[in-house]
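Subject: Structure handover

Hello,

The sequence and structure are below, and my notes on them follow. Please read the notes with the coordinates open.

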Amino acid sequence: MKASELDKIFDENEDDILDYFDTSKIKMINEEPKRVNIDFPSWMVQSLDKEAKHIGVSRQAVIKMWLAEKLQNLNSTAACI
């Protein structure tokens, strides 16, 4: 299919243009996991484990949730400045 034909379909809302693409191998940018090692003091690991048990998730999930919340807050604060 020519690009002009795809443009026409898109512009006229005739069809869902995603049907014309192979989406089986789409990758999200910056979403691939990257392993990092962090050393925590034992009291911090114990606190993380306590919280993980309390909410029923793994220690890693607690760390990811908390870091994601903090980074979202930082990004939304920076956008307001």
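pLDDT is the predictor's confidence in each residue, on a scale from 0 to 100. The structure is a predicted model, in which local features need pLDDT of at least 70 and side-chain atom pairs count only at pLDDT 80 or more, while totals for chains, interfaces and linings use all residues. Residues are numbered from 1 along each chain as its sequence is written, and side-chain values use heavy atoms, with hydrogens and water left out.

Confidence. The protein has a mean pLDDT of 88, with 98% of its residues at 70 or more. Helix α2 (residues 42–55) has the highest confidence, at a mean of 97, and helix α1 (residues 3–11) the lowest, at 86. Where pLDDT is low, the predicted coordinates should not be read in detail.

Fold and overall dimensions. Helices (H or I, at least four residues) and strands (E, at least two) are DSSP runs, numbered from the N terminus. The protein has three helices and zero strands, and its pattern along the sequence is α-α-α. Its radius of gyration is 22 Å, well over the 12 Å that the globule rule gives for 81 residues, so the protein is more spread out than a compact globule. That radius is taken over C-alpha atoms, and the rule is 2.2 Å times the number of residues to the power 0.38. The C-alpha trace spans about 60 × 35 × 25 Å along its principal axes.

Surface. Of the 81 residues, 7% are buried (under 20% relative accessible area; exposed is over 50% and partly exposed lies in between, with a 1.4 Å probe and protein chains only). The protein exposes about 8,000 Å², and carbon and sulfur atoms supply 54% of that area. Accessible areas come from the Shrake-Rupley method with a 1.4 Å probe, and for residues only the protein chains shown count as cover.

Two residues of the loop between α1 and α2 can be looked up directly. Lys-25 lies in that loop and counts as exposed at 70% relative accessibility; its C-alpha is 37 Å from that of Glu-51, 26 residues away along the chain. Pro-33 is also in the loop between α1 and α2, and it counts as exposed at 80%. From Pro-33 to Leu-6, 27 residues apart in sequence, the C-alpha distance is 34 Å.

Pocket. A pocket is an open set of points on a 1 Å grid over the protein atoms alone, where a 1.4 Å probe fits, with protein on both sides within 12 Å along at least five of seven lines; lining residues have an atom within 4 Å of a point. Grid points are joined across faces, edges and corners, and a volume is the space filled by probe spheres set on the points. The largest pocket holds about 580 Å³. It is lined by 15 residues, of which Lys-34, Val-36, Gln-60, Ile-63 and Lys-64 are closest to its centre. Helix α3 (residues 59–80) supplies the largest share of the lining, seven residues. The lining comprises nine nonpolar, two polar and four charged residues (Ala, Val, Leu, Ile, Met, Phe, Trp, Tyr, Cys and Pro count as nonpolar, Asp, Glu, Lys and Arg as charged, and the others, Gly among them, as polar). Lys-64 is in helix α3 and counts as exposed at 54% relative accessibility.

Regards
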